Amino acid sequence: MKLTKLAAACALTMAAAGIFSNAAQAQSSGDVIRVGIITDMSGLYSDIDGPAGVEAIKMAIADMGGTINGKKVEVVAADHQNKPDVAAAKAREWFDTQGVDMLIGGTSSGTSLSMSKVALEKKKLFIAIGGATSALTNEQCSPYTVHWAYDTVALAKGTGSAVVKAGGKSWFFLTADYAFGTQLQNDATNVVKAAGGTVVGSVRHPLSASDFSSFLLQAQSSKAQILGLANAGGDTINSIKAANEFGITKTMKLAGLLMFINDIHSLGLNATQGMYLTDSWYWNKDAEARAWSRKFFEKMKRMPSSIQAADYSATIQYLKAVKVVGSTDPDKVLAQMKKTKVNDVYAKDGFIRGDGTMVHDMYLMQVKTPAESTEPWDYYKVMQTFKGEEAWTTKAESKCALWK
Amino acid sequence: MSEIFGIPIQAFLGQLLLGLVNGSFYAMLSLGLAVIFGLLGIVNFAHGALYMIGAYVAWFSLERFGLNYWVALVLSPLAVGCLGVVIEKAFLKHLYKLDPLYGLLLTFGLALIAEGVFRDQFGVSGQQYPVPELLQGATNLGFMVLPNYRAWVVFACLSVCFGTWFLIEKTSLGATLRASTENPTLVQAFGINVPLMVTLTYAGGAALAAIAGVLAAPVIQITPLMGSNLIIVVFAVVVIGGMGSILGSIITGVVLGLLEGLTKVFYPEASSIVVFVIMVIVLMVRPAGLFGKEK
Amino acid sequence: MSTAVSPSNTALVSVTRQGKAVWLTILVLLVIAPFAGLYPVFLMNALCFAIFACAFNLLLGFTGLLSFGHAAFMGSAAYVTGWLVRSAGWPPELGVLAGTLAAGVLGLLVGLVAIRRQGIYFAMVTLAMAQMIYFICLQVPFTGGEDGLQGVPRGNLLGFIPLNNDLGMYFLVLALFVGVFLGIMRIVHSPYGQVLKAIRENEPRAISLGYDVDRYKLLAFVLSTTLAGFAGSLKTLVLGFATLSDVHWSLSGEVVLMTLLGGMGTFAGPVVGAFTIVGLQNFLADRVGSWVTVIIGAIFVFCVIAFRKGIVGELLAWQQRRRAG
């Protein structure tokens with residue numbers, strides 16, 4: 001039957017397509033502990049987390065011995081390309097078919113929000129690290145989501161108030177047009193106004209924009225004192241470069257609301273000296289951090305960012321909890337993690353509170369001048385430490401329904 | 001400080017000037033597209049990729065061989081032109097008898113291949129390319145500070161555009177080219193190597209894209225996506241100008257840049273669709289585009 | 001498109017006993033697929049794209065019109081359904097219906113503008129209007145812009161059949177797919193379909209025979225966009241979100257590839273093409289990263305140069321040759 005051959009061909013194609021989709025499929029969670037990380041591997045945020053973040057997780061697994069209670073620990077990684085749909089679909093597939101026990105969300109707030117929802121639906125543990133939006137622990141808080149490293153409120157409270165205190169009263173925001181940028185601008189606006197400053201205007205740019213010139217012109221014509229950069233990664237680097245090119249830095253001061261050591265490294269101290277920034281960790285802040293960072297440097301040939309250190313910390317704490325509980329059951333492990341203080345290279349006396357925030361110290365830092373810097377990557381001086389709860393949303397301000 | 005339409009005149013002029021810079025790029029890119037479509041009937045979706053490759057050639061020759069910007073301005077179009085020859089001989093040759101939309105689909109596929117290969121090699125975050133020393137610094141024009149390099153871009157683009165237009169419309173080489181593509185058999189009978197003319201035309205279009213890429217390199221990040229971000233807009237420019245008309249695409253490109261600049265003053269987000277709105281309106285009123293000839 | 005692009009003329013699949021046996025076999029395979037270990041969400045996604053490709057093929061393969069902005073209709077319906085089901089609390093069946101109708105209305109608006117042009121100009125106008133729709137989706141708050149419209153629940157069908165179970169949802173989607181597929185076959189085989197075929201083969205002749213060609217093309221366009229919208233609405237329910245990827249022009253390019261690869265103007269073609277491309281992307285994305293784009297591009301090039309009839313088209317042609325020879 002000729003047409004049956006046709007049917008066979010169709011069937012074969014579909015079977016092949018199906019096999020493709022399940023080639024490494026259906027490994028149950030029983031005999032392996034699987035940690036998954038979905039982050040930006042190749043785009044504008046790939047330096048601050050990316051493949052190096054995966055390495056940090058591998059270091060954590062190795063430092064915990066590679067097995068917990070006899071079960072091997074593995075990590076799987078995927079690139080979400082900063083697209084929430086890619087992240088959510090991958091997360092769902094991993095929970096359904098790959099036996100992933102714990103999901104780590106790398107950079108990008110949009111993807112973190114979408115993965116948080118999938119984790120809630122599947123009742124699995126999700127640790128958001130690089131995604132900054134405070135919505136993760138406010139309007140969209142979830143019993144299965146822990147926000148580990150920092151959020152837009154902490155960043156705003158740190159840099160925002162420091163800059164206003166230093167005299168920068170009128171602000172103009174250059175904002176990345178998605179969840180993160182909008183939230184950061186909102187939180188920073190609140191802080192600036194509370195400190196007695198004003199927000200003169202703002203402009204939104206598409207994520208990963210190639211040319212900032214026209215946005216910067218708009219900023220300049222606003223005559224504000226401070227240009228607040230409510231963006232991150234490659235966008236921040238390009239904004240600062242363009243601001244220098246167009247002479248904006250002569251009439252306005254730049255305030256990078258979210259900056260990482262990789263950005264400073266990329267731009268150089270000449271362009272960034274004197275800038276304030278708020279971060280959760282610095283490789284050179286104490287002896288323990290230095291030791292760990294040198295190990296990281298040997299592998300990756302650069303110093304770790306705070307996100308990569310947080311990847312390490314979250315994995316260690318998770319595996320410790322799994323060891324104590326004796327299983328990977330998300331509810332039990334979460335309960336254990338919420339009972340235990342976080343004490344590792346990343347945080348001292350940190351703890352997970354009711355809205356999912358991992359409360360720990362935040363640091364206000366200033367970028368050194370070239371003269372002050374004594375070695376490569378020696379870029380910051382710590383100006384102020386916000387201890388524990390000081391840095392974060394207070395219970396009164398919180399919009400999380402779970403934490404009342 | 002006076003105001004115009006409620007906006008400070010400084011901001012207005014500043015955005016217009018930036019718009020002129022963008023418009024020069026549009027003109028330059030749409031020029032290559034118009035040449036290829038006007039003379040060959042191929043809708044060259046790979047144009048954005050060729051532009052991107054042109055920029056990467058410049059970057060690579062600097063990184064690896066230390067060849068500076070001015071060398072790259074010559075080297076890149078030559079290299080990409082050769083690539084164009086290969087593409088034409090290997091792929092496009094088979095498509096001339098078919099519906100032009102197949103050419104579109106094929107070049108679309110080629111663009112995807114190029115983008116994928118470069119993405120794999122370089123990631124998406126982009127490479128930096130320094131502004132050549134001669135053109136560094138900026139001039140304070142009063143209403144804004146204009147980096148000198150951008151002024152050069154306007155000058156270079158418009159020179160190349162009008163040079164090409166002159167070549168094609170006013171010289172005998174151009175006449176031969178136009179004749180070869182309008183009536184190949186007749187021209188072949190005169191002893192002119194028509195296939196060679198055709199290949200050179202495509203290579204020429206590709207070279208134009210590469211020059212645009214080198215010019216763009218110091219301004220924007222060199223990323224594998226830089227072509228696909230622009231290609232749709234450039235297509236629209238060519239369609240508005242009239243798909244066979246070279247002068248049409250040059251003028252439309254510049255005007256569009258200015259209009260986008262204007263839009264950025266009043267309603268910045270809409271600047272990306274200005275071109276499409278115009279395109280629909282133009283196609284309704286003048287189906288063959290502003291300067292096009294109905295075929 | 002002109003006759004140079006006409007699909008294989010052996011395209012009309014017979015409704016003989018032979019034909020029915022073939023389709024039944026495929027149906028059975030699809031029914032047992034999830035039990036054979038294939039991930040139901042992947043299958044549902046592929047089925048939605050199959051519907052999208054079939055809808056697109058109605059326009060390209062059977063009417064000869066290349067629309068380069070078809071994703072706009074799929075995506076708009078996806079957003080409409082997503083918002084109605086999530087934020088307005090509508091039941092899923094009404095949400096899907098509303099999304100589908102929205103796509104149809106949008107198709108009518110775009111079609112009225114575009115139909116008057118032909119060939120490459122038609123394609124460009126559809127692209128331009130699709131970009132404008134993309135822009136609207138980007139700006140309008142309810143879509144969530146870059147973050148997308150997340151957290152769309154599946155709800156209960158007709159108020160009492162829960163759809164949260166992936167397996168149950170799969171059979172619903174499969175049934176709907178079969179319905180759309182049969183519907184398209186019915187349209188193509190009808191007198192209206194014959195006129196479309198005539199228009200595709202030789203439009204001036206059809207005009208000279210007295211047919212109001214523009215009306216027929218417009219109706220085909222609207223039908224195509226409506227079904228594309230249906231695919232988008234279903235996809236929102238399956239995956240639980242609608243994002244800008246659904247309205248982006250690269251998706252418009254992908255559906256062209258699915259149809260081309262599978263076989264324009266055949267019935268099974270778009271389905272085969274959709275499953276192949278979705279399967280490829282799924283399988284390769286983790287393993288080879290950016291090379292997926294390269295492979296997709298290479299398939300495009302290959303299809304245009306050497307494989308214009310597509311998988312199913314080539315198979316049918318080969319079959320014809322064997323019968324004749």
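Okay, let's start with one pair of residues: A:M102 has its bridge partner in strand 5 of chain A, and that partner is A:L125. Strands and helices here are DSSP runs numbered from the N terminus, with at least two residues of E for a strand and at least four of H or I for a helix.

Before going on, some housekeeping. This is a predicted model, where local features need pLDDT of at least 70 and side-chain atom pairs count only at pLDDT 80 or more, while totals for chains, interfaces and linings use all residues. Residues are numbered from 1 along each chain as its sequence is written, and chains are lettered from A and ligands numbered from 1 in the order in which they are written.

Back to that pair. Strand 4 (residues 102-105) and strand 5 (residues 125-128) of chain A run parallel, joined by four bridges. For strands to count as paired, DSSP has to find at least two bridges between them.

Now look at strand 1 of chain A. Which strands does strand 1 run parallel to? One is strand 3 (residues 71-79) of chain A, through eight bridges, and another is strand 4 of chain A, through four bridges. If you want to find these on screen, A:I33 is bridged to A:V73 in strand 3, and A:G36 to A:L103 in strand 4. Strand 1 (residues 32-39) of chain A is largely enclosed by the rest of the structure, because seven of its eight residues are buried. Buried means 20 or more other C-beta atoms within 10 Å of the residue's own, exposed means 12 or fewer, and partly exposed is in between, with C-beta atoms placed from the backbone.

A:S208 isn't a glycine, yet has a positive phi of about 65 degrees. You'll find A:S208 in the loop between strand 8 (198-205) and helix 7 (213-221) of chain A. A:K301, also not a glycine, has a positive phi near 60 degrees, and belongs to the loop between helix 11 (287-300) and helix 12 (306-325) of chain A. So, buried or exposed, for A:S208 and for A:K301? A:S208 has 22 C-beta neighbours inside 10 Å, so A:S208 counts as buried. A:K301 has 8 other C-beta atoms within 10 Å, so A:K301 is exposed.

On to the core. A nonpolar core is a set of buried Ala, Val, Leu, Ile, Met, Phe, Trp, Tyr and Cys residues joined through C-beta atoms within 7 Å. The largest one has 356 residues, and A:L227 and C:I51 touch the most other members. Helix 1 (residues 9-40) of chain B gives the most to this core, with 19 residues. Leaving out residues up to four places away in sequence, A:L227 touches several residues, among them A:F172, A:L174, A:I248 and A:M252. A contact means C-beta atoms, placed from the backbone, within 7 Å.

Next, chain B against chain C. That contact takes 33 residues from chain B and 35 residues from chain C. On the chain B side, helix 4 (100-122), helix 9 (226-241) and helix 11 (274-285) each supply at least two residues, and helix 4 gives the most, with 15 residues. The chain B side divides into 24 nonpolar, four polar and five charged residues.

Helix 8 (residues 194-216) of chain B reaches 33 Å from first C-alpha to last, and 20 of its 23 residues are buried. In helix 3 of chain C, 16 of 16 residues are buried.

The model scores ipTM 0.86 and pTM 0.89. Mean pLDDT, the predictor's confidence in each residue from 0 to 100, is 89 for chain A and 87 for chain C. Where should you be careful? Under 50 you have residues 20-28 of chain A and residues 1-16 of chain C. Where pLDDT is low, the predicted coordinates should not be read in detail.

Notes: Contact = placed C-beta atoms within 7 Å. Nonpolar A, V, L, I, M, F, W, Y, C, P; charged D, E, K, R; others polar. Expected span 1.5 Å × (residues − 1).
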